[in-house]
Every structure is written in structure tokens, then in C-alpha cells.
Amino acid sequence: MDGVAERQMTREDTLPPGDDPRAEARALLAELTALRADLFRRADARMADWATRVRRLEFLPSVANMADWLALREADLTTLQPRLSRLGLSTLGRLDGHVRPSLEAVIAALSAIAGLEGPTFPDREGFDPELRSLHARRDALFGARDTAPGSRILVTLPSEAASDPAIVRELVAAGADAFRINCAHDSPEAWAAMIGHIRKSERMTGRKLPISMDLGGPKFRVTRTGGPLPKRLQAGDRFAFVEKPSMAPEGRGWAMLGHPALLAALAPGVQVSVDDGKLWATVIQTGRGHALLEVDRVGERGLKLKPGRGVNLPGSHLDVAALTEEDLAALDVVVAEADLVAFSFVQTPGDVRALIAAMEARACHPRPLPAILLKIETPMGLHLLPELIVEAGGSLPVGVMIARGDLAVEIGFDRLSEIQEEILWLCEAAQVPVVWATQVLEGMVKEGQASRAEVTDAAMSQRADCVMLNKGPHVAAAIEFLRDILIRMDRHQTKKSARLGPLRVWAG
């Protein structure tokens with residue numbers, strides 16, 4: 001061993017003098033063999049339920065691997081990992097897409113080190129199909145391309161794209177792979193015009209440009225305001241949410257909400273977020289048809305309470321059906337035209353079943369039904385994500401969108417960085433494509449200049465299968481900028497695995 005490498009090794013990285021690697025391998029072999037048996041028991045119990053719900057048999061191996069992964073991640077492997085590393089073995093940190101083959105490989109290696117007659121190494125086919133399946137599903141959902149980057153770019157179309165076909169052509173030329181139409185805005189006629197422009201670009205380029213249509217979902221927004229509201233609410237100000245104006249407390253400014261479940265869930269002590277966490281308030285009193293709130297914190301300039309502001313109740317479960325009457329009407333167009341349906345506010349397997357039933361009732365044979373893009377926006381949707389994947393993917397192709405705006409407000413901004421990682425890992429285990437969404441390069445899209453934090457966020461997005469950009473005057477430039485970042489990061493990272501290509505900064 002050379003002197004540099006020797007100095008880099010710490011006491012924790014080497015076996016103590018006199019230790020027998022074979023004895024350590026035998027001890028680890030016993031522990032991993034017991035872990036494997038427990039994993040199989042837990043995973044098989046999950047699969048007893050899940051397998052009956054999977055009609056698409058090609059998705060069954062992915063569901064089985066997710067069951068294995070969930071069972072494995074119930075255990076604490078942190079004490080095993082450094083011991084495996086000291087023997088030069090995998091620490092199991094990158095097994096998400098191929099759990100059983102990875103365990104079998106480590107067990108086989110431990111048997112060899114221990115000098116025992118034991119299991120043979122698994123065939124390489126146990127590892128390769130995971131990436132092949134995931135890449136094929138990514139391409140089917142978000143478009144195939146022969147050139148880098150590996151992550152696809154999904155772009156939200158502005159209303160102007162209905163009347164100006166040049167917008168779609170410009171975005172395709174900049175590097176867009178797929179397009180998003182938000183059904184909460186515009187009209188079926190406008191959607192049809194946008195779709196026509198996209199299909200024309202497909203014919204001109206010879207590329208498939210998938211279309212994702214977002215269902216609006218329940219409207220948790222301010223719909224109307226009145227009374228003596230301050231121009232901008234500041235900390236300490238009080239206002240009321242009301243069922244109707246006549247129920248407002250005397251002398252208080254008020255706001256009406258777009259869904260009755262919001263007002264019904266308000267009780268003293270409940271925290272309320274307005275406009276994606278720009279304002280936080282606490283309910284201090286409730287009465288017939290109203291709730292009185294006091295502002296706890298808000299930005300230095302305050303916040304104007306006006307129609308359209310989003311309202312969240314973090315920690316409160318809203319028992320609300322994900323599909324609205326407006327969504328059902330939009331499905332008439334979505335089922336006939338879209339490649340994906342982005343399912344807002346999905347929380348339960350029952351929500352997924354309702355969507356599939358509504359789409360089947362509108363099926364346009366022989367055209368296949370759109371794939372389902374599960375938008376994870378609430379704590380319940382997050383908690384039940386494995387069940388949602390099984391329910392959706394068992395019937396139709398499925399993807400997952402990390403809807404980081406609403407999700408951050410619901411679970412807390414301090415938890416978002418951790419949770420978005422865990423969603424990426426789970427979806428790799430399920431071999432399901434993931435969309436990294438909400439405010440990616442927002443500064444560049446809106447103002448023409450990205451912040452340092454936005455550039456770092458864009459680099460992190462490379463581990464997802466698709467990255468979503470919002471609409472804005474500089475979105476074409478943002479697409480080109482994002483593509484460059486993704487290509488650069490492709491040199492260094494594949495999902496959780498670092499790629500050890502040659503570094504150039506210090507070469508020579």
C-alpha cells in the first residue's frame with residue numbers, strides 16, 4: 001500500500017490487528033442470512049395482497065421488488081454497512097432496483113471470503129432488467145431521444161400556445177421532450193388547439209412528444225374577500241374565513257374559501273398556510289359559519305389576501321374526493337387526446353380506482369387509456385404511495401410527480417429535502433419514473449436569471465427521470481440551460497450511483 005493511501009485509512013476503516021477476515025465474514029453471513037429470511041417473510045406477506053391487484057403482469061416483478069425494498073428498509077443496516085465495507089463488499093446502499101440479487105451477491109461473496117461452500121453469485125440478468133424497465137417506462141411516458149441527457153424535460157404550456165403555434169416549435173427546438181397542459185386553466189377548445197400544435201411538431205420532427213394533462217382537483221383557494229381587510233396582512237393582524245359574508249364577525253375582514261371541507265376542518269389551534277407558506281396564521285376562535293385567525297408570520301412586505309391564493313392546513317386530514325365535477329368534464333378531452341393524466345390531490349387507492357373507472361367509461365377504443373401520473377401533494381398521499389403505485393400501475397402505466405410546492409407546505413419545508421430523496425428511492429425500487437416538479441429554475445423562467453440555489457436544485461433533479469419547468473417568458477432559454485446542467489451531471493451520477501469518469505478540472 002502506498003503512503004498516501006495508508007494515511008487516508010482511519011482506525012475505523014481497517015480490521016484490528018489479529019482479526020480474522022474469515023471470522024468476520026462468517027459473522028456477517030449469519031446476520032445477513034437471518035435478515036434475508038425476515039425480509040422474505042415480510043415481503044411475501046405484502047405480496048399476498050398486492051399480487052391480486054396487479055392486472056398488468058409485466059408490472060408484477062416491479063411490485064415484488066418494491067415489497068422487498070420496503071421490507072429491507074424497515075431494518076437498520078447502518079451497523080452492518082461499515083463491516084461490509086472493510087471487507088471490500090457492497091454496503092447495499094444502491095440496491096433499490098434489484099434487492100434480492102444484491103443481497104444474494106453479498107451473501108455469496110461472504111461465503112467465499114469465509115471459505116465456505118455456499119450459494120453461487122446471482123446471474124447478471126437479475127440486475128440489468130431494472131434499468132432497462134425503468135428507461136423503457138421513462139421513454140414511454142416522457143418521450144425517447146437518442147442524445148443526452150437521460151432525464152426528460154416536461155414543459156408547461158402558457159395560454160398563448162393555443163393561438164400561437166410558434167411557441168411549441170420554439171420549445172421543441174430548445175429541447176423540450178414532453179408538454180403539460182393544466183386543465184385548471186383555459187378551455188377545452190384551447191387545449192385542443194395546443195394539442196394540435198404539439199401533434200404537428202411531432203410530424204415535423206419525427207419524434208413522439210407526450211402530452212400530460214393535469215386535472216385541477218379540489219380547489220383549496222380563496223375565492224372572495226371583503227370587509228375591512230388591511231391592504232397587506234402583517235403579523236398580529238386578524239381576519240376571518242367565512243361560509244358567506246353575512247357570517248363574518250363584526251368589523252373583521254373576511255375571505256371565502258373554494259371548498260367547504262377547509263372551513264369544516266378549522267378549529268382553535270389549527271395552523272393555516274396561505275400562498276404556499278408565504279403567510280402562516282392560527283385559528284383562535286370559531287363560530288357559526290366562520291373561523292377567526294391571527295397572522296403568526298409573513299414576509300417583511302406582508303401579504304395581500306385576494307382571490308386565487310392557495311390555502312393549506314398542514315397536519316389536518318381533509319376527507320375529500322380527489323375527482324371533482326370539473327375533472328370529470330375535463331376527462332372527456334384527456335382520455336381522447338392525452339398520453340398522461342396528472343392526478344392532483346390523489347390520496348387513497350379508492351381515488352385511483354375512481355379515476356380508472358371514469359377513464360374506462362370514456363375509453364376511445366382502440367386508443368389506449370392515458371398513463372397515470374400520481375401527484376404527491378399531501379401527507380396521506382405520501383404515506384400511501386406504495387399502495388397508490390400498486391393500484392395505478394396494476395392497471396395502467398404509472399409515474400410519480402413530486403409536487404414539491406404543496407408537499408413542502410403540508411409536511412414542512414424542513415422535511416422536504418429528506419422526503420423527496422425517499423420518494424426517489426421508493427420509485428426506483430418500484431421501477432416507476434419520477435418527475436421532479438415545482439419551481440425548477442423559476443428565476444430563469446420568469447426573470448431570465450437563475451439563482452445559485454436554483455442551479456443546485458436543477459443539478460439534483462438529474463436523478464429523476466423527468467424534470468418539469470413551469471411557464472414563463474424565458475422558458476426556452478431555461479430549457480437549454482437545464483439540458484446543459486443535466487448533461488454535465490449525467491457524467492457523474494446515475495440515480496444513487498456515482499459514476500467515476502475522468503475528472504478534468506485538475507487534469508495534467
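The accessible surface of the protein comes to about 23,700 Å². Carbon and sulfur atoms hold 53% of that surface. The areas come from the Shrake-Rupley method with a 1.4 Å probe, and for residues only the protein chains shown count as cover. This is a predicted model: local features need pLDDT of at least 70, side-chain atom pairs count only at pLDDT 80 or more, and totals for chains, interfaces and linings use all residues. Residues are numbered from 1 along each chain as its sequence is written, and side-chain values use heavy atoms, with hydrogens and water left out.

Now the overall build. The protein has 18 helices and 17 strands. These are DSSP runs, numbered from the N terminus: helices are H or I with at least four residues, strands are E with at least two. Along the principal axes, the C-alpha atoms fill a box of roughly 80 × 55 × 55 Å. Of the 508 residues, 51% count as buried. Buried means under 20% relative accessible area, exposed over 50%, and partly exposed in between (1.4 Å probe, protein chains only). Residues 24 or more positions apart account for 74% of the contacts with a separation of 6 or more. Contact means heavy atoms within 4.5 Å.

The largest nonpolar core holds 116 residues, and L374 and I389 touch the most other members. Helix 2 (residues 21-50) gives the most to this core, with 9 residues. Another core lies apart from it, with 27 residues, including F220, A255, A291 and F345. A nonpolar core is a set of buried Ala, Val, Leu, Ile, Met, Phe, Trp, Tyr and Cys residues joined through side-chain atoms within 4.5 Å. Beyond its neighbours within four places in sequence, I389 contacts residues including F59, M66, L374 and V432.

M213 sits in strand 3 (residues 211-214). M213 is buried, with a relative accessible area of 0%. M213 and A338 are 125 residues apart in sequence, yet 6.3 Å apart in space, C-alpha to C-alpha.

M460 is in helix 17 (residues 452-460). M460 is partly exposed, with a relative accessible area of 36%. Leaving aside neighbours within four places in sequence, M460 is in contact with E421 and W436. From M460 to Q493 is 33 residues in sequence and 9.8 Å in space, C-alpha to C-alpha.
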